[in-house]
Amino acid sequence: MTRQEALDLFRSDDLIGIGMAADAVRRRHHPEGVATYIIDRNINYTNFCTEYCTFCAFYRPLGHAEGYVLPKETIWEKIRETIELGGTGVLMQGGLHPELKIEWYEDMLRSIKERFRIHLHCFSSPEILNIAEVSGLSLRDTIVRLRDTGLDSIPGGGAEILDDEVRQRISRLKCNTKEWLEVHRVAHSLGMRTTATMMFGAGETIEHRLNHLDHIRRLQEETGGFTAFIPWTFQAGNTSLGRSVHEEATAVEYLKTLAISRLYLDNVENIQCSWVTQGLKTCQVGLRFGANDVGSTMIEENVVSAAGAHHSAEEEDLRRLIRDAGFIPKQRDTLYRSLFLN
Ligand code: SF4
């Protein structure tokens, strides 16, 4: 799909036609009629952060009474619970702590791997860049050291919109587009898989969204290292950006963007729809708008819920949602491999 074709779709009112086209591409990638989900847990090891992103309701400045750094014992306990619930992975992310050096992260990763068989999908690009900076290390050495002590893959957080005009407005202090991409490029070159995300509906234009999709498509062409693309919408509650962006993206806008992502990112195998921000019903419709995965059961979620999105789902809810959309539900692991013949 050319950029102009994508632009025309964004401007079109033919939502159903766009959805059907995306559904056809989804079927080409996943002809077996399966839609997947994962049982895992978000662990946010710290909410201390120096970046002050205007869309974020989660962070606390250093020294704030509500700030925390989770002790290792608490992290282990959360992982133990996750495994008991059939979980296979942990998505661990936090704020950008100005004082934690790489040894702290290495110690945490090592201590987890010594105790549990669990996939560790941790540290978005801004966190990795922050660890490198605080520790005085190169980006490559930082990723190698984290990998060697237990990091299995890297989540696509911190991408928001990969366009520096938008980033200047909503996350001025955080890494720029080039830096975000470079973390993923280096990780891919080391054989590590990562995901790509996009947070939209934060006052950006369609052109900005297309710039984002272009960056992801080009890097995927170069490395092939992205397992999935996960678009989700800005949640305005309790954020300073929420006071200037009048309303959150509608379900129609979400579905259209999801479908165009499926069409545009033909080289990314998996597209995930988000029940956490959209609710279960819109997520279910998303399975007919290009998505083949509904994400995680989210045993714990702190970041989006801090901004007012309080949807919840258990494994059986996700399986029913998938079945009712006409697909066979299958549990997968973090790398999108089916786990059971269920
Ligand atoms: S989005 Fe991440 S980097 Fe930005 S303020 Fe929140 S925790 Fe910090």
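The views below show a predicted model, in which local features need pLDDT of at least 70, side-chain atom pairs count only at pLDDT 80 or more, and totals for chains, interfaces and linings use all residues. Residues are numbered from 1 along each chain as its sequence is written.

View 1. Most residues other than glycine have a negative phi. Y336 is not a glycine, yet its phi is positive, about 65 degrees. Y336 lies in the segment after β9 (328-331). Helices (H or I, at least four residues) and strands (E, at least two) are DSSP runs, numbered from the N terminus. F123, also not a glycine, has a positive phi of about 65 degrees. F123 sits in the loop between β4 (119-122) and α5 (125-135). F123 counts as buried, with 27 C-beta neighbours inside 10 Å.

**View 2. The largest nonpolar core holds 94 residues.** Such a core is a set of buried Ala, Val, Leu, Ile, Met, Phe, Trp, Tyr and Cys residues joined through C-beta atoms within 7 Å. L120, F229, L258, A259 and V294 touch the most other members. Helix α10 (residues 251-264) gives the most to this core, 7 residues. Leaving aside residues up to four places away in sequence, L120 touches V90, M92, L109, I112, G150, L151 and D152. Contact here means C-beta atoms, placed from the backbone, within 7 Å.

**View 3. α2 packs on α10.** Helix α2 (residues 15-29) meets α10 at an angle of about 40 degrees, with the axes 8 Å apart. Axes are lines fitted to C-alpha atoms, for helices over the stretch in contact, and angles run from 0 to 180 degrees between N-to-C directions. The two helices are therefore oblique to each other. Angles under 35 degrees count as roughly parallel, over 145 as roughly antiparallel, 65 to 115 as roughly perpendicular and the rest as oblique. α2 passes α10 in a left-handed crossing. A crossing is left-handed if the near helix is turned anticlockwise from the far one by less than a right angle, and right-handed if clockwise. From α2, the contact includes L15, I18 and A22. From α10, it includes V252, L255 and A259. By class, this contact has 10 nonpolar, 1 polar and 3 charged residues. Ala, Val, Leu, Ile, Met, Phe, Trp, Tyr, Cys and Pro count as nonpolar, Asp, Glu, Lys and Arg as charged, and the others, Gly among them, as polar.

**View 4. α3 crosses α4.** The axes of helix α3 (residues 72-84) and helix α4 (residues 102-115) come within 11 Å and cross at roughly 40 degrees. That makes α3 oblique to α4. The crossing is right-handed. K72, I75, W76 and I79 in α3 meet M108, S111, I112 and R115 in α4. The contact has 5 nonpolar, 1 polar and 2 charged residues.

**View 5. α8 packs on α9.** Helix α8 (residues 177-189) and helix α9 (residues 206-223) pack at about 25 degrees, with axes 11 Å apart. That makes α8 roughly parallel to α9. Their crossing is right-handed. T177, L181, H184, R185, H188 and S189 in α8 meet H215, L219 and T223 in α9. The contact divides into 2 nonpolar, 6 polar and 1 charged.

Conventions
Buried ≥ 20, exposed ≤ 12 C-beta atoms within 10 Å, placed from the backbone. Contact = placed C-beta atoms within 7 Å.
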